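Me: Please take a close look at one part of this model. I would like the sheet first, then what surrounds it.

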Amino acid sequence: ATQDPQEIKRAATHLSWHPDGNRKLAVAYSCLDFQRAPVGMSSDSYIWDLENPNKPELALKPSSPLVTLEFNPKDSHVLLGGCYNGQIACWDTRKGSLVAELSTIEFSHRDPVYGTIWLQSKTGTECFSASTDGQVMWWDIRKMSEPTEVVIMDITKKEQLENALGAISLEFESTLPTKFMVGTEQGIIISCNRKAKTSAEKIVCTFPGHHGPVYALQRNPFYPKNFLTVGDWTARIWSEDSRESSIMWTKYHMAYLTDAAWSPTRPAVFFTTKMDGTLDIWDFVFKQCDPALSLKVCDEALFCLRVQDNGCLIACGSQLGTTTLLEVSPGLSTLQRNEKNVASSMFERETRREKILEARHREMRLKEKAATKSRGRPGSGGGRGSSGGRKE
């Protein structure tokens with residue numbers, strides 16, 4: 001485990017593995033309590049060499065604390081950071097701790113930047129960012145004075161910033177380069193198409209999501225049509241073909257969920273972190289009611305997790321700035337025989353079931369409408385039934 005070296009401890013809010021091998025980890029540290037950051041709190045974040053956990057390899061020194069931090073997959077010397085004050089910052093580790101590129105305040109986000117992602121571009125210099133100010137911005141780090149494009153998360157499609165939903169998680173799958181998805185503070189998931197003709201058409205559709213902010217959002221690496229979200233007390237799996245409800249979900253937990261990620265090596269395995277300091281490993285082929293493995297990592301809340309590309313190592317960041325490294329057993333990280341087929345048919349079966357339920361609900365609503373019309377008095381609207389218990 002590595003500890004925040006500062007006296008005044010900050011939460012580890014985001015983790016990024018070094019793209020070449022699993023020796024290094026970049027950790028963003030910030031205090032996300034609105035305007036409650038203690039006086040004298042440092043805004044430094046760090047790159048750690050895991051063979052020397054006592055001292056960071058390099059301090060990154062932004063003017064405002066980093067909420068998110070990402071290694072560039074094409075050039076591991078370059079890192080992208082999203083700041084608490086809404087700015088986007090870039091580092092080149094060959095040049096040391098100081099910021100190499102910084103977005104100008106007037107063209108930056110107006111709220112903390114909760115998501116930053118590198119695009120798989122030819123130049124390796126393009127990226128995008130999302131903030132609770134309701135904007136998603138595209139950048140080219142060669143010219144950071146202003147974003148190359150801005151999309152406002154207004155689902156009424158009027159492009160009004162005051163109606164925009166705050167973005168708190170961001171998903172981009174390089175095999176679907178025009179698409180991106182946003183998890184919002186309001187619990188709704190927005191699916192977008194960057195290449196739509198008009199700005200209003202860039203917002204394609206929404207999914208109902210969660211009761212609270214969507215803290216994690218990730219497409220399945222094997223089946224990108226299926227994606228995982230975390231918010232309130234559940235983790236949910238969705239299908240792009242089913243807009244009205246998720247196709248599978250975990251039970252409601254006692255503790256709030258804070259982050260989630262799929263295993264990069266096993267299509268039916270995902271990981272979740274909770275406010276009570278536990279990491280849960282789920283294997284949906286094996287069982288759906290409970291995690292396959294639950295580990296108490298620390299006494300304080302876990303805030304974030306990141307799985308290494310080989311699926312064997314997980315890093316978890318805590319509220320007090322401790323980053324713990326865990327090794328996943330071969331059973332949970334090695335692709336099982338026939339697992340792809342089993343996972344794929346499970347996702348398809350649950351999507352079909354959900355679609356049948358949706359159709360049935362639509363039919364019931366229409367019947368009810370017809371009945372109230374014929375009776376000529378206002379009726380009670382039939383909401384969705386409690387079919388939510390079926391995975392328990």
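Reply: Two strands count as paired if DSSP finds at least two bridges between them. The model is predicted.

Strand S7 covers residues 88–92 and runs antiparallel to S8, with 2 bridges between them. Alanine 89 has leucine 102 in S8 as its bridge partner.

Serine 16 sits in strand S1, residues 11–17. Is serine 16 buried or exposed? Its relative accessible area is 2%, under the 20% cut-off, so serine 16 is buried. Beyond its neighbours within four places in sequence, serine 16 contacts Leu69, Glu70 and Phe71, as well as Lys24, Leu25, Ala26 and Arg306.

The whole structure holds 1 cavity of 30 Å³ or more. The volume of the largest cavity is about 40 Å³. Which residues line the largest cavity? Asn72, Pro73 and Lys74 do, together with Trp118, Leu119, Gln120, Ser121 and Gly124. By class, that lining has 4 polar, 3 nonpolar and 1 charged residues.

How values were computed: Residues are numbered from 1 along each chain as its sequence is written. This is a predicted model: local features need pLDDT of at least 70, side-chain atom pairs count only at pLDDT 80 or more; totals for chains, interfaces and linings use all residues. Side-chain values use heavy atoms; hydrogens and water are left out. Helices (H or I, at least four residues) and strands (E, at least two) are DSSP runs, numbered from the N terminus. Buried means under 20% relative accessible area, exposed over 50%, partly exposed in between (1.4 Å probe, protein chains only). Contact means heavy atoms within 4.5 Å. On a 1 Å grid over the protein atoms alone, a cavity is a set of points where a 1.4 Å probe fits but cannot get out, and a pocket is an open set with protein on both sides within 12 Å along at least five of seven lines; lining residues have an atom within 4 Å of a point. Grid points are joined across faces, edges and corners, and a volume is the space filled by probe spheres set on the points. Ala, Val, Leu, Ile, Met, Phe, Trp, Tyr, Cys and Pro count as nonpolar, Asp, Glu, Lys and Arg as charged, and the others, Gly among them, as polar.
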